[in-house]
Amino acid sequence: MKIKLSLMIFFAFVCVFLMMQPLSVFAELIEPSRTLEGQQKPMGRLSVFSEPPELDVLLDSVEIGKTPVISKEVTSGVYILRVKDTEKEITILSGKSLQLSLFKDSLIEIPEKKAEAPTQPKLEGKMAAEEKKTEDSNNDKKQYDPFYWPLNPSGPIK
């Protein structure tokens, strides 16, 4: 009986100790000294095309692939781009895309297409169109009206 009682006390002590252990772990948490937000470098995108394809593309003497290179992520900054025997100094801006094409041994920048929102015709234009439509319908009525004198100068048909 004494052994059972001492075992029960021992297990109770172990259970209480184990329950208290996680609380002490939370009390010892330390805040992080660094965050990931400041670690990210601003990135831009670079696309390089050429005619003929399969030419080596070097960015600051580091090969980044063969043409066509499409939407390659590059940290923003100023670089020297080399395709075949042609070099050009380029500036890549963060969050922007730069597209270049080698044509007749010259690197040409391809302007970025901007999607235009569809525009609605002005209200004044609609009103003018409606007025013109009513005038046209009035002209049609006049042409078929037997009392309209330019079409029937002798008078109405009886």
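In the protein chain, residues 24 or more positions apart make up 39% of the contacts (heavy atoms within 4.5 Å) that have a separation of 6 or more. This is a predicted model, where local features need pLDDT of at least 70 and side-chain atom pairs count only at pLDDT 80 or more, while totals for chains, interfaces and linings use all residues. Residues are numbered from 1 along each chain as its sequence is written, and side-chain values use heavy atoms, with hydrogens and water left out.

**View A. The whole chain runs α-β-β-β-β-β-β-β-β-α**. Helices (H or I, at least four residues) and strands (E, at least two) are DSSP runs, numbered from the N terminus. Of the 158 residues, 16% count as buried, where buried means under 20% relative accessible area, exposed over 50%, and partly exposed in between (1.4 Å probe, protein chains only).

**View B. Here is the largest nonpolar core, with 17 residues**. Such a core is a set of buried Ala, Val, Leu, Ile, Met, Phe, Trp, Tyr and Cys residues joined through side-chain atoms within 4.5 Å. Leu46, Leu59, Leu81, Val83 and Ile90 touch the most other members. The elements giving two or more residues to this core are β1 (43–50), β2 (56–59), β4 (69–75), β5 (77–83), β6 (86–92) and β7 (97–103). In soluble globular proteins, nonpolar side chains tend to be buried together. Zoom in on Val83: leaving aside neighbours within four places in sequence, its contacts are Val48, Leu55, Asp56, Val57, Thr67, Leu102 and Leu107.

**View C. Ser101 sits in strand β7**. Ser101 counts as buried because its relative accessibility is 19%. Not counting residues up to four places away in sequence, Ser101 touches Phe49, Ser106, Leu107, Ile108 and Ile110.

**View E. Lys104 and Asp105 are in the loop between β7 and β8 (106–110)**. Neither is a glycine, yet phi is positive in both: near 55° for Lys104 and near 60° for Asp105. Lys104 counts as exposed because its relative accessibility is 70%, and Asp105 is exposed too, with a relative accessible area of 52%.
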